[in-house]
Amino acid sequence: MSDALCFLTVAEAAKRIEQQALSPVALTQAFLDRIEKINPKVNAYVTVTPERAMEDARRAEAEISAGHYKGPLHGIPVGLKDIYDTKGIRTTCHSKLYLDRIPDEDAHTVKLLKDAGSVLLGKLATHEFAFAGPAWDAAFPPARNPWNTDHFTGGSSSGSGAAIAAGLAMATLGTDTAGSIRMPAYFCGVSGLKPTYGRVSRQGVFPLAYSMDHCGPITRTAQDAAIVMNAIAGHDEKDPASALVDVPDYTAALDGNLSGLKVGLIRHFYESDEVADPEVIAAMNRSVERLEELGAEIQEVQLPNLRDFSACCQIIIMCEALGIHEDTVKAQPEKYSEIARDRLMLSSVLTGADYVQATRMRRQLTYDVNRVLEEFDVLLTAGGLTPAPRLDQIDKFYILQKPLVTTPFDVTGHPAMAVCNGFFANDLPVGMQVVGRAFDEATVMRVAHAYESVTDWKDRVPLL
Amino acid sequence: MTEPTNIKLEDFRAQLRARGFDPEENSLREMHAALPHLNALRARLRRGYAHSDEPAHVFKPEGAKS
């Protein structure tokens, strides 16, 4: 029974908690028990905070019993990628450099989750500094895919994706600069939302590439992502990129109605710019049919080549990441994993002119996507091109070799959500992406929620 | 392009040293092998932009109305 609690959605658990039919203390204890049992198999957590979790849970239970229910995150156990600063709790960035780093303040989003009454279970594995992984010589071992622990979770929010799939947290926060929320969601068979750039504060979150870092949720469903977004979205004056744009009630938009919705299908990303695994293409074809049955009007669209977006994205990341790490990687190279160190060193061959050309291209690519979105409510494309590879078969420089289908919307800043749309024959998940107009996460989650409502992929759980 | 795509290993080593890095031999060879992939990405950025094609992020002075 206690393991079954760990696979409830936030929405399901919140309903029971509000009705006082489920105790936040019992729920939290179920997660702590499962973490103790399962985490050694998947390495999702690098730090578990049982005392803090039980303190949060007891407080939530007392508040709810006294009639002070705060909303659907009250008493909900969550985990945070270990680049989110947590006051009094070590925040390592999965790096030997920061093994003893204990922040004095919570990141802005961490404060918001706390204010919403959530329960902090601990800090989750990431690629080192959200930049390089999987690494075997970083501060902690890499997270493993709950569907097959020999396989990759995707990254860099590796623990955030693994924890949701394995039933080790009900909601997690990740970050996405080239796909680091959506790739773990894709490989782990869960839902991950990269909001619009500027929609969620990055304050107190260790940067990878300032101009493309996005914070957002990984959850079991789009409905759960909407619940988390209601808590974390909004302007923050301490984040220079934070946008002063009204935030809607994201859960109110989840009406399941897609009638007349115009969907642009970016088929060339996965059928001609790159040729995806045939099972990805088959899953996309089935998803198109399901969305049409729900009333969506789908038409193919043409964007620039996927490799243009990927080149722009990777060059910007390499330049900005080197800007952040240059001094420390020169002074203490032994503190970095080999993959992080080598990627940073290789970045040094790039020039200032490369960076400027990439940002000029970025403006053009953003214009091109905006132009298509004038005609369509959302865009649809594959969430990835292959099943999760084996952990021992990942090249150090894979990011340079094959484009990630997630990169376009880090470059352009548009909101994009990964949604599970099936399973490969080897039982690893496959997924799609729904992309929206800037600051229209509501429509993105509406489409994802409608799709999830008529499919049962989200109900599958891995055997661990 | 600022460097030829077929830069020799020793020239690449010198280039990294000039930038303050002295990688181990195995790492040097792996990075050298990855250079053509990186240069392919760089080549995609060259589009013959006009002088008026500004970067995506342009500095805005304090007080400017956007």
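Student: Which residues of α16(A) are buried, and what makes a residue buried?

Tutor: In α16(A), they are Glu441(A), Val444(A), Met445(A), Arg446(A), Val447(A), Ala448(A), His449(A), Ala450(A), Tyr451(A) and Glu452(A). A residue is buried if 20 or more other C-beta atoms, placed from the backbone, lie within 10 Å of its own; exposed means 12 or fewer, and partly exposed is in between. This is a predicted model, in which local features need pLDDT of at least 70 and side-chain atom pairs pLDDT 80 or more, while totals for chains, interfaces and linings use all residues. Residues are numbered from 1 along each chain as its sequence is written, with chains lettered from A and ligands numbered from 1 in the order written.

Student: Why is α16(A) called mostly covered, and what covers its buried residues?

Tutor: Ten of its 13 residues are buried. The covering elements include β5 (191-194), α8 (222-232), α10, β9, β10 and β11 of chain A. Helices (H or I, at least four residues) and strands (E, at least two) are DSSP runs, numbered from the N terminus.

Student: What does Met445(A) touch?

Tutor: Leaving out residues up to four places away in sequence, Met445(A) touches Leu193(A), Ala222(A), Ala225(A), Ala226(A), Tyr250(A), Ala253(A), Leu254(A) and Met417(A). Contact means C-beta atoms within 7 Å. Met445(A) and Met417(A) are also among the residues touching the most other members of the largest nonpolar core, which has 162 residues. Such a core is a set of buried Ala, Val, Leu, Ile, Met, Phe, Trp, Tyr and Cys residues joined through C-beta atoms within 7 Å.

Student: Which helix gives the most to this core?

Tutor: That is α11(A) (306-331), with twelve residues.

Student: What makes β1 and β8 of chain A edge strands?

Tutor: The open, mixed sheet runs β1-β3-β2-β4-β6-β5-β10-β11-β9-β7-β8 (chain A). β1 (45-48) and β8 (297-300) each have a single partner strand, so one side of each lacks a neighbour in the sheet.

Student: How do you know that β4 and β6 of chain A pair?

Tutor: Pairing takes at least two DSSP bridges. β4(A) (171-176) and β6(A) (214-219) have six, in the antiparallel sense, so they meet the definition. Across this pair, Leu173(A) stands opposite Pro217(A).

Terms used
Two residues are in contact if their C-beta atoms, placed from the backbone, lie within 7 Å.
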